[in-house]
Structures are given as C-alpha cells and as structure tokens.
Amino acid sequence: MIKEKSDSTLTFADFKIEVLNDYTTAIISRECSLLGRKEVLTGKAKFGIFGDGKEVPQLAMAKAFKNGDFRSGYYRDQTFMMAIGELTMQQFFAGLYGHTDIEQEPMSAGRQMGGHFATHSLNEDGSWKDLTKQKNSSSDISPTAGQMPRLLGLAQASKIYRQVKGISNSSNFSNEGNEIAWGTIGNASTSEGLFFETINAAGVLQVPMVMSVWDDEYGISVHARHQTTKENISEILKGYQKENDTNGFEILRVKGWDYADLVATYEKAATIAREQHFPVLIHVNELTQPQGHSSSGSHERYKDGNRLAWERDFDCVRQMKLWMIAINIASPEELDAIDAQAKKDVLEAKKAAWNAFLNPIIEEQKELIAVLQHIATSSSKKIEILKYVSDLSGIKAPIKKEILVTARKVLRLILNESGREELSKWITTYTAKTQKNFSSNLYSETDLNVFSVEKVLPTYEDDASEDTDGRMILRDNFDAIFTKYPEALIFGEDAGTIGDVNQGLEGMQEKYGELRVADVGIREATILGQGIGMAMRGLRPIAEIQYLDYLLYAIQIMSDDLATLRYRTVGKQKAPLIIRTRGHRLEGIWHSGSPMGMIINAVRGIHVLVPRNMTQAAGFYNSLLECDEPALVIECLNGYRLKEKMPTNYGEFKTPIGVVETIKEGSDITLVSYGSTLRLVQQAAKELMEIGIDCEVIDLQSLLPFDIKHDLVKSIAKTNRLLVIDEDVPGGASAFILQQIIEQQDGYNYLDSKPQTLTAKEHRPAYGTDGDYFSKPSTEDIFEKVYAMMNEVNPSKYPSMF
C-alpha cells in the first residue's frame with residue numbers, strides 16, 4: 001500500500017524500500033492474475049479478466065493518487081487498487097468466485113465479475129463518508145468506454161468546489177477543488193464515441209482529469225491498425241494539445257515498462273491537473289498482455305512469434321526487475337525471494353477466499369440434507385428423496401442453485417404428505433434469505449428514499465386565477481431551488497444564456513452564474529456523465545436533455561451506469577442525479593417521440609416521473625432534492641405556455657412520487673393516462689359525460705415507481721372497466737401499465753370487460769398538426785374507443801357508431 005508522504009525529501013534507503021514495495025505489489029498482482037486464470041479453467045470461477053501486463057504503470061499512477069481523488073476506470077486496474085490499499089489478495093479471489101458477502105468481496109458482493117472495482121462512499125445508513133480522507137474509486141462497468149462520461153463529472157466537481165462559493169457541507173467532498181479524477185482505458189476502447197465525446201468535453205470545460213490509455217496494441221484479438229487511425233491515439237489527438245492561448249489537454253507519452261519514467265510522468269501529470277486544473281492525457285504504450293484478453297481464449301491464436309517474443313522481453317515486471325538489479329536496488333537473489341514469497345502468499349489468500357466462499361454453502365447443503373432425511377423417514381417417496389440426498393451429498397463444492405433446485409424438486413414429490421409444510425417453509429426461508437444477496441439496493445433502502453418525502457400542496461392567493469404560463473412556475477421554482485440548495489446546479493443545451501428553449505430557466509444564469517446554470521455542447525451522453533460524476537461527489541446536479549427523443553444518445557449511460565450504481569455496489573455508492581427533459585407531443589419524427597416503454601425497461605433503478613403540468617413538475621424537483629435517488633422528469637413539451645395558477649410556496653410544495661391522482665371521479669369506466677395525453681383524456685371525458693358515460697380519469701404521475709397505494713385497482717373495483725391511453729407505440733408503456741394493474745394489483749378480479757389500450761401508431765409521428773392527429777391518440781379516438789367498450793356492455797343504449 002502506498003502511503004502519502006508529507007516530506008518530498010527521500011533518502012536512497014527510503015527510495016529502495018519504496019521501490020521494493022512497489023515491486024512486491026506488482027509480483028503479487030501478477031501471481032493473482034496467473035492463479036486466477038487457473039481457477040477459471042478448473043471451474044471454480046466462471047470468467048476471468050485480469051490486469052497482467054499493466055502492473056508497473058498502475059504503480060506509478062497510484063503514487064500520484066491522493067486522498068480525495070477519484071478513479072473512473074477499466075477492468076484491468078487490479079494493481080492500482082492493491083497499491084492504494086483498497087484490494088487485498090483474498091478480496092481479489094472473493095471477487096473471482098462471486099462471493100455475495102460484502103465484507104469478503106467489498107467491490108460488489110459478487111454482483112459483478114472480478115476486475116470491477118469500487119470503494120465505499122457511504123456509511124451503513126446511506127449517509128456520506130468523508131471522501132476527502134480516503135482514496136476513492138467509482139464503481140466500474142464492463143461496457144467499453146462506459147466509464148468515460150462519469151469521469152468527466154467527477155473531474156468537474158473539483159472545478160465547482162473550487163470556483164463556486166457557499167456550498168454547504170463541502171468539506172466532506174472536496175478540499176478547495178484540489179482533487180483529480182483519474183481515468184483509465186484500454187487503447188482499443190478509445191475507438192468508442194464515448195471516449196472522443198468525453199475528451200472533447202474535458203478539453204472544453206478544462207477540468208482536473210488525468211486520462212491513462214493502456215496501449216498493448218490489441219483489442220481482444222484485433223490489432224490497433226483496425227482500431228485507430230495511424231495506430232496511435234496520442235498522435236491523432238495532437239490537435240487537443242493545450243497551447244498558451246487555448247484550452248485543451250497536456251498530452252504525455254511514456255513506455256509502459258519504464259518504471260522511473262512512468263513515476264516522473266505521473267507526478268508531472270498530477271501537478272498540472274491538481275494545480276492548474278486542466279486535463280492531461282497519458283498515452284502508456286509498449287505494454288503487454290501476457291495471458292491474452294481473458295480466460296475465454298489464448299493470445300497465441302492471434303499474435304505471431306515475433307510479437308510473443310517481444311512481449312516476453314518487454315514484460316513490464318521483468319523490465320522493472322532488470323532495472324532494479326542494474327541500479328543496485330536489489331540483487332537477483334533478493335528479488336527471487338520476493339517472487340517466491342509472493343507465490344506463497346497468493347496461494348494462501350486464494351485458499352482462504354475459497355474456504356470463506358464455500359464453507360457457508362456447505363453448511364446450507366448439510367442443513368437441507370438433514371431436513372430431507374427427516375422427511376424421508378415418513379414419506380412414501382423415501383427412495384426417491386434419498387436419491388436426491390445422495391446426489392446432493394456427492395457435490396463437493398456446491399452452489400446455492402444446486403441446493404435450492406434439489407429442495408424444490410423434492411417438494412413436488414410430497415405435495416400430499418405431512419413433510420410438505422416443513423420443506424415448503426425451509427424453501428421459503430432460504431429463498432428470502434438468499435434472494436436479497438442478488439436483488440437488494442436497486443433503489444434506495446435508506447431513510448432518504450423517495451417515499452420518505454411528505455406531500456406538500458401548493459398554496460395560492462385567495463384570488464389566484466389560471467393566468468400564469470407554466471414555464472414561469474418552473475422558472476420561479478428553480479429560482480427558489482438554487483437559493484435553498486447552494487450545491488444545486490443545472491446544465492444542458494441552451495440552458496444557460498437563453499434560459500432553456502422554453503425559458504423555464506429565464507434569468508437564472510445571470511443571477512446564479514455560468515457554473516451553476518450552464519450551457520453545454522451537443523453531447524447528451526457526457527451531459528449525463530457530468531451529472532453522475534458530480535452527484536457521486538455530493539453535488540445536486542440537474543442534467544438537462546433538450547428533448548425526450550435525444551435521451552436515446554444517453555440511454556446506455558443511464559442504463560448501464562446510473563441505474564445500476566446503487567445495485568452493483570450493494571448500496572455503497574449513490575448518484576442522486578435529476579435528469580430533466582421535455583417530450584411527448586410536438587412536431588415531426590425527431591421531436592415528438594414518446595418511447596416510454598423503451599425507457600422504463602432500460603432504466604430500472606431510476607425513477608421515471610411524468611407530470612401533466614409544470615406545477616406538478618416543479619413539485620417533483622422539490623421532492624427529489626430531499627431524496628438520495630436518481631430520477632428522470634419528463635415535462636410536457638406543449639405545456640409551457642398553458643395557463644396555471646401561480647403558487648406562493650415555491651421550493652416547498654412537493655408532488656408525491658409513486659402516487660396516482662384521480663382527476664375526475666366516475667362510475668362507468670376507468671381511464672388511465674399521463675403527461676400531455678391526459679388533457680385529451682379529460683376533454684374526451686367531458687364529451688362522453690354529455691351522452692351519459694361517466695368516466696373516472698386517473699393521472700399516473702409516475703411510471704417508476706408505479707401506484708404504490710394501489711389506487712388504480714380501487715377504481716376498477718368501482719367501474720369494472722379499464723382503458724389505458726398512451727402515446728407510446730402499441731405494447732410500449734401501455735403493456736407495462738396493464739401488467740402492473742392486472743397482474744400486480746389483481747385488477748382482473750374486478751373486470752366485466754376486456755381491459756384495453758389506446759396507443760399511438762407503430763411509426764414515428766409524422767410532421768405537422770395532421771401528422772400528430774393521425775399518428776397519436778386524439779380526443780375523438782378516445783371518445784370512440786370508450787363508446788365502443790360501452791356498446792359491448794349495452795348495445796341498445798349505445799348503438800354501434802361504425
């Protein structure tokens with residue numbers, strides 16, 4: 001483990017100790033990789049992806065990494081994590097085995113494959129730790145370059161903490177913005193658009209970021225000539241080089257096997273980023289990958305003899321060893337002794353990790369065997385049960401699945417016997433105990449979750465009338481938010497100077513400054529990344545995506561990173577980011593989509609809120625800022641100029657999350673919708689009332705979470721009929737809504753007619769008013785659909801229209 005030094009003076013004896021410690025870490029990491037691959041090939045682990053060949057540059061990076069810094073990295077950084085003291089040998093193997101005990105496997109408690117690293121930012125109650133007093137790693141994800149957008153936000157947080165004054169409780173998150181965000185990536189993954197988008201954005205924003213590219217010339221089996229123009233990422237990024245009168249990057253190049261030069265390069269990069277607050281890219285080339293990409297294949301299949309020979313000669317650990325001998329830091333015999341001890345230590349750590357993983361499962365195996373043997377004594381299926389017992393007993397290294405499969409199969413045999421109750425209870429208890437190891441913490445389980453916020457109604461003057469543009473309610477509420485929460489900030493395309501395209505932020509940049517109300521470039525994925533990274537460092541960002549359709553550019557980051565963050569760290573990290581966008585009806589294919597089914601099925605772990613007006617939307621923002629969970633708020637694009645009452649308690653009224661609202665009570669049929677379409681439903685309900693059809697109209701308000709009080713089924717119990725109206729495609733969000741009502745709430749018990757949906761057409765909306773009318777549900781469509789359902793009930797009273 002590298003300790004921070006307060007004195008820059010270093011004697012040769014101190015230097016020798018430090019270098020030997022580094023070498024020991026490198027050898028331990030290499031042995032972990034080699035033995036880890038064997039564990040996969042013997043079947044003890046499912047898959048292995050290791051950091052061999054990258055050890056020495058990661059040691060240099062670790063030396064420059066200080067308390068308060070953050071890493072957003074690549075799944076080969078095991079040496080770095082060991083060097084900063086955040087990964088032990090035993091924890092390395094616990095990750096390989098998928099141990100579900102967070103104490104044994106603190107990276108993800110077995111939810112991610114090995115090689116994916118994280119530190120703990122939160123206390124047991126979900127409150128923040130003091131991040132300035134520890135070395136921090138944001139939780140890795142596997143999608144190539146997916147770590148890049150988050151890196152941008154982690155770096156930008158330092159800029160905000162340095163330049164924005166008056167942020168309360170900032171001392172837990174930053175020491176005057178002196179922290180660096182350190183990124184790592186494989187050279188092949190620099191081909192991804194997310195890499196280039198992030199590099200460009202970091203150069204524009206000028207944030208303290210150090211980006212390391214580990215270059216071993218291959219991406220799995222594909223050579224760099226197929227990946228990168230000129231086969232050299234730093235060469236093609238030369239245009240980003242910062243000059244005296246420009247923004248940009250400092251670009252450094254260093255050979256990955258040269259320990260001394262690596263240490264000097266990383267110290268230089270850290271000084272630039274920490275003191276001058278602009279980004280640095282370090283291209284670490286001439287690296288190797290001794291075991292190939294992963295445990296699923298061998299690199300001998302795609303590297304020729306010359307390349308393999310060069311990799312043996314220029315292996316970074318070998319070169320470090322030769323350098324140490326050459327400058328008399330250690331003799332070959334001393335280094336051989338270190339190598340031998342490392343092999344022994346890693347082997348012991350592997351055994352300890354395996355025993356810690358396996359022994360509790362063996363105890364569960366024994367427990368079930370005892371239950372089954374007891375049941376067999378009085379069962380007519382004794383022979384069959386004892387066969388299952390024998391098979392289960394014969395498994396020397398059982399997994400939980402094998403235990404539970406055995407129990408469930410035996411249960412089928414004894415459904416009419418006295419032992420059924422005992423086994424059923426065992427299965428229920430075991431499943432409940434075990435399932436949470438795989439399914440907890442998708443959403444917040446702390447006292448700061450969305451359900452902890454009490455509803456507060458807007459208050460109005462006695463003579464208030466509906467004469468205020470909806471956008472002004474949003475604007476004045478944002479004004480109250482930025483005053484109440486100094487750590488809150490908003491950024492997006494056109495969000496700053498003009499106050500967003502619909503003027504919901506009019507005047508806010510002038511009042512609160514360009515850092516808190518900011519314009520950004522057209523780059524949705526890194527807008528999300530800015531928000532994720534800053535939220536992970538204690539700020540309360542609101543990331544604005546101009547239109548709902550544009551969210552597709554960022555859906556991968558939302559789905560793979562933000563939505564899974566709390567889950568994949570078992571509640572040890574959080575990013576309470578608010579994503580603001582606007583959507584539903586407008587004009588044409590690219591500005592009027594409503595892909596809600598796609599969104600809600602991709603972002604479980606993020607709340608999805610769909611307010612029908614701007615007062616509701618403002619109330620959602622107020623609620624979310626009291627929570628610790630991420631959410632997407634979709635404002636109605638055609639609602640900014642519609643008139644609403646002006647509240648008097650801006651910043652204080654709160655729309656409840658996960659609660660529906662009954663807009664109109666009725667007795668004949670329940671109509672369910674949300675967002676812009678709800679106004680059409682309300683109009684159709686008025687027109688239907690004129691012919692004697694009394695509709696109950698319910699606004700969902702939020703899709704995730706969905707109707708936590710089960711008010712929808714209460715309505716159906718009264719009306720016995722259901723129509724879901726949605727402007728998504730057929731089978732989109734409407735299918736989810738039906739599943740929730742019919743299956744989760746048992747609404748089928750109360751239906752006298754087939755539940756139905758009315759959705760948009762399968763194609764994207766065509767341009768213009770006629771395009772909208774013929775693409776999405778209209779008032780007439782709703783009227784006629786309801787009428788047809790009532791015609792089925794009472795054809796004499798409601799004769800067929802067509």
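Start with the open sheet of seven strands, ordered β11-β10-β12-β13-β15-β14-β20 with mixed pairing. Strands here are DSSP runs of E, at least two residues, and helices are runs of H or I, at least four residues, numbered from the N terminus; two strands pair if DSSP finds at least two bridges between them. This is a predicted model, in which local features need pLDDT of at least 70, side-chain atom pairs count only at pLDDT 80 or more, and totals for chains, interfaces and linings use all residues. Residues are numbered from 1 along each chain as its sequence is written, and side-chain values use heavy atoms, leaving out hydrogens and water.

Select 517-519 (β11) and 702-704 (β20), the edges of the sheet. Each has a single partner strand, so one side of each lacks a neighbour in the sheet. From one strand to the next, the twist averages 20°.

Leu609 stands opposite Ser702 of β20.

Next, select 614-624, helix α21, which lies across β12 (540-544), β13 (578-583), β14 and β15 (631-636). Helix α21 runs at about 165° to β15 (axes are lines fitted to C-alpha atoms, for helices over the stretch in contact; angles run from 0 to 180 degrees between N-to-C directions).

Finally, go to Thr526 in helix α17, residues 524-535. Leaving aside neighbours within four places in sequence, Thr526 is in contact (heavy atoms within 4.5 Å) with Pro149, Leu152, Glu197, Thr198 and Ala201.
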